[in-house]
Amino acid sequence: MANKIANNIKLGVFVIAGLLLLIFALYMIGKKSNMFGSSFTLRARFRNVDGLRAGNNVRYAGIETGTVEKVLILNDTTIEVIMSIDEKARDYIRKNAQTTIGNEGLMGNKVVNIFPNPIRGELVKDNDLLQTVQQADIGNMIGTLTRTNDNAAIIASELVETVKRINASPVLWRILSDTTLPANLSATMVGVRSSAEHLNHSIAELQAIVSDIHAGKGTAGLLLQDTAARATASRALNNIHNVTAEADGLMQRLDSIASVLQSGVSNKEGMLYGLLSDTAFTQRLSRSLNNVENGIAAFNEDMEALKHNFLLKGYFKKQARKKSQ
Amino acid sequence: MKPDKPAKQLQAFFDEAGRIARFTGWYFRQAIRPRYEFKELIRQCFIIGYQSLGLVVLTGFIMGLVLTMQLRPTLVDYGVESQIPAMVAIAVVREIGPVITALIFAGKIGSSIGAELGSMRVTEQIDAMEVSGTNPYKYLVVTRVTAATLMLPILVLLSDTISLYGAYLGVNIKTVTSPDLFIWQVFDVLDFTDLMPAFIKTFFFGFAVGMIGCYKGYNSTKGTEGVGRSANSAVVLSSVMIFIIDLLVVQVTDIMGFN
């Protein structure tokens with residue numbers, strides 16, 4: 001009898017365990033479908049629901065908040081999706097929230113995503129119609145990929161053409177097969193590097209000079225920075241200018257004299273014409289000059305003789321001592 | 001004689017089908033009529049249900065663990081390793097759990113009923129019951145078929161649960177998944193359309209196993225040899241019937257839009 005009761009208890013536990021598991025499974029599935037909690041209805045209208053069906057999940061900001069209740073065709077371009085949303089989400093979903101249809105993962109079921117709008121709006125009420133945003137579907141993405149693929153094919157064919165031209169170019173191949181080219185290029189690069197170093201050095205020096213000039217060092221710096229020197233230079237330039245002007249006037253006067261002399265010669269009158277054209281006069285003048293030279297020489301002898309005369313000797317010695325002092 | 005053999009076989013097949021149909025109709029007629037054998041029903045539920053639990057739990061656990069480990073490499077190749085709980089849940093709840101459990105049940109209970117009733121038949125215990133005024137069909141068949149019909153769904157629920165536990169352990173061999181996340185992933189993919197058709201078909205599986213076991217045993221002949229044959233044919237026919245019912249249920253659920 002005791003054994004029978006124990007068996008009955010075991011059977012009861014077994015059956016109740018099975019029933020509890022069934023109830024748990026039904027509760028979990030029902031809870032997912034908002035069957036056991038209070039909910040409210042929201043609507044959204046799309047041009048294309050992309051395979052969405054009743055029972056698919058609804059997410060608000062990525063959190064599952066409800067399920068799709070119905071998908072209705074309103075007209076040839078509008079599909080209305082009626083969603084059952086958990087009452088707890090009512091305090092967060094606003095009328096300007098945006099609704100899209102997406103996928104749960106890459107190949108998962110369709111899902112309605114409700115995104116909060118950054119602009120704060122009024123909270124939703126039962127049966128409100130939410131804004132929708134049509135997202136790019138797989139077909140559009142494949143279309144874009146096809147265009148990209150076509151472009152890649154064009155680029156590849158052009159690349160092939162370029163490579164063919166490179167292969168057909170003897171000049172290029174000569175350059176590529178030239179074994180001395182690397183050494184030459186290396187040497188050139190060494191030269192270029194050296195030149196660059198020199199250039200850098202020169203530039204540094206030039207900078208130093210410019211710095212010195214700016215600092216007022218050297219003649220150029222003095223000229224640029226010293227105001228007194230600049231005034232002196234300015235005055236010197238003025239003087240040069242004045243001298244040039246005077247020289248110019250002198251030259252004009254000389255020019256007029258030369259013109260007068262030229263006109264005298266041209267008219268065969270005046271002393272210059274006589275000096276240039278009268279040979280007898282020239283001879284006389286030459287003789288007179290010779291006589292003057294001879295007379296000066298004789299006079300110098302006389303004067304030397306006077307120096308040695310005892311009457312005047314003392315005077316000349318006195319003059320010589322004065323000069324030596 | 002040879003040309004007649006297929007015709008005789010066909011005739012035998014339809015004869016058998018007709019006998020089974022009559023036997024089944026008899027069950028419903030006897031089941032709804034008093035007097036009800038509740039004590040025997042409870043005893044049979046204990047034997048058929050509770051005493052099958054160990055075997056079903058063991059096979060269910062291995063089934064979930066092995067399925068997870070076999071699925072993993074392929075899913076890892078596709079980069080959807082995280083979908084293992086979902087895939088195992090769908091496979092176990094919709095198909096593997098009910099069918100495998102029913103086959104195990106058919107092997108254990110179908111043969112047991114077939115052999116028990118067969119031996120009672122050949123030892124003329126059933127005839128003795130008739131003589132003593134007890135309705136052997138009501139006492140032996142109705143209780144066993146009803147117990148099998150009621151117990152198999154419970155066994156399947158327990159088997160599914162243990163399978164999912166095995167799958168949870170299988171998932172955690174290579175990665176770490178919390179029990180909460182695993183349960184969420186399992187029930188995220190399951191729907192009433194997954195659970196209910198699978199649950200309802202187990203009643204049909206249980207009924208078929210019980211009914212075929214009882215029919216084969218109740219109509220056993222030819223002594224001890226017939227007992228063994230009854231047990232064997234009960235298992236074979238029950239297993240075939242499980243697949244046929246499964247096929248029909250899938251077709252019906254597909255027509256109803258549950259797939």
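Q: How many bridges join strand S1 to strand S4 in chain A?
A: In this predicted model, S1 covers residues 39-46 of chain A and S4 covers residues 78-86 of chain A. The two strands run antiparallel. Two of the pairs can be named: A:Leu42 stands opposite A:Met83, and A:Thr41 stands opposite A:Ser84. The number of bridges joining S1(A) to S4(A) is eight.

Q: Which residue is the bridge partner of A:Arg43 in S7(A)?
A: S1(A) is also joined to strand S7, residues 128-132 of chain A. Three bridges link S1(A) and S7(A), which run parallel. Within S7(A), the partner of A:Arg43 is A:Leu129.

Q: Which residue of S4(A) is the bridge partner of A:Val68?
A: Strand S3, residues 63-75 of chain A, runs antiparallel to S4(A), and eight bridges join them. A:Leu42 stands opposite A:Met83 in S4(A). The bridge partner of A:Val68 in S4(A) is likewise A:Met83.

Q: How many residues lie between S3(A) and S4(A) in their hairpin?
A: S3(A) and S4(A) are joined by eight bridges and run antiparallel. They form a hairpin, and the number of residues between the two strands is two.

Q: Which helix gives the largest share of the side of chain B that touches chain A?
A: The contact takes 15 residues from chain A and 16 residues from chain B. On the side of chain B, the elements giving two or more residues are H2 (38-48), H6 (136-174), H7 (179-189) and H8 (192-218). The largest share is four residues, and the helix that gives them is H6(B).

Q: How many residues on the side of chain B that touches chain A are nonpolar?
A: Chain B contributes 16 residues to the contact. Two of these are charged and two are polar. The number of nonpolar residues is twelve.

Q: What ipTM does the predictor give the complex?
A: For chain B, the average pLDDT is 90, and 98% of the residues score at least 70. For the complex, the predictor gives a pTM of 0.62 and an ipTM of 0.81.

Terms used: Residues numbered from 1 in each chain as written. Chains lettered and ligands numbered in written order. Predicted model: local features only at pLDDT ≥ 70, side-chain atom pairs only at ≥ 80, totals over all residues. Pairing = 2+ DSSP bridges. Contact = placed C-beta atoms within 7 Å. Nonpolar A, V, L, I, M, F, W, Y, C, P; charged D, E, K, R; others polar. pLDDT = per-residue confidence, 0-100.
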